[in-house]
Amino acid sequence: MDPMIVFIINVVFCSIVVAVHLDRRVRERERVGDITKCFLIPSLYLTLFTASKAFPREIYRPELLFLIAFFYTLGDILLLKKTPTWRFLVGALSFICGHIVYIIYFSHFGLNIYTLLGGMILFGIPLIYLILKIIKSNPKYTVGYIIYGLTLYFFGVGMSAVFSFKYLKTSILVFIGVWLFIYSDSRIALNSLLKDGKNRSFMIMLTYIAANLFLVLGVWCINVPLTAVTHN
């Protein structure tokens, strides 16, 4: 089948999955929303790979991107239910592994000590806010949420370390993706402390999907089209 047709089919499929999922998340816990959540990451990353064949573009270390998609998808599936405790712990660990692989992936394109130091400060501010919020609202969960917050902090700092001015467009896209990821995960933690009963699942999932989209766009931009390689 024509690679362009395959790509278009994947774009349509991914768009339908995202649209249906977000619509269902307006209802909070809903079966169709749970099912579509399992296909969010696979459909997005499959679209990336089909795009690389359609345009075409060489994707560096695709096995690392497969690992990222696997870890994020596994985390999505496990975290559909927070009980028993092992599901939550393994799900959280799966996301951490995905974050680590992303840092490894972009580290190939360069490391920057100055952006690393800047990231330590920049991402340290929301971490301190989160900790203070938790201590004030529900002190008994402080230790657990500090650990949770530190995983987000190290993801942000790690991705800051691979910020490259040589690949500025990619770095900006990835940086936006990281912030959206941290915002989405932070809302999950903070929502457990809020008692107003408002529906926040939609915004959490919207920012989560947007975060992955920006990260994938960053991957796309940093990989050179095959035509450019040929001309060089």
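**Close-up 1. Helix α1 meets helix α9 in this predicted model.** On the α1 side, the residues in contact are V18, H21, L22 and R25, and their partners in α9 are S201, F202, M205, L206 and I209. Sorted by class, the contact of α1 with α9 has 6 nonpolar, 2 polar and 1 charged residues. The crossing of α1 with α9 is right-handed.

**Close-up 2. Helix α4 also passes helix α9, here in a left-handed crossing.** The axes of α4 and α9 come within 12 Å and cross at roughly 25°. That angle makes α4 roughly parallel to α9. To find the contact, look for F95, Y102, Y105 and F106 on α4, and for Y208, L215, V216, G218, V219 and I222 on α9. By class, this contact of α4 with α9 has 9 nonpolar and 1 polar residues, with no charged ones.

**Close-up 3. N112 sits in the loop between α4 and α5.** Here α4 spans 85-107 and α5 spans 113-122. N112 has a relative accessibility of 17% and therefore counts as buried. Its side chain reaches the backbone nitrogen of Y114 at 2.9 Å. Leaving aside residues up to four places away in sequence, N112 touches A161, F163 and F165.

Definitions and conventions:
Residues numbered from 1 in each chain as written. Predicted model: local features only at pLDDT ≥ 70, side-chain atom pairs only at ≥ 80, totals over all residues. Heavy atoms only, no water. Helix = DSSP H or I, 4+ residues; strand = E, 2+ residues; numbered from the N terminus. Buried < 20%, exposed > 50% of the residue type's maximum accessible area, 1.4 Å probe, protein only. Polar contact = N/O pair within 3.5 Å; in protein donor to acceptor, adjacent residues only side chain to side chain. Contact = heavy atoms within 4.5 Å. Left-handed = near helix turned anticlockwise from the far one by under 90°. Nonpolar A, V, L, I, M, F, W, Y, C, P; charged D, E, K, R; others polar. Axes fitted to C-alpha atoms, helices over the stretch in contact; angles between N-to-C directions. Parallel < 35°, antiparallel > 145°, perpendicular 65-115°, else oblique.
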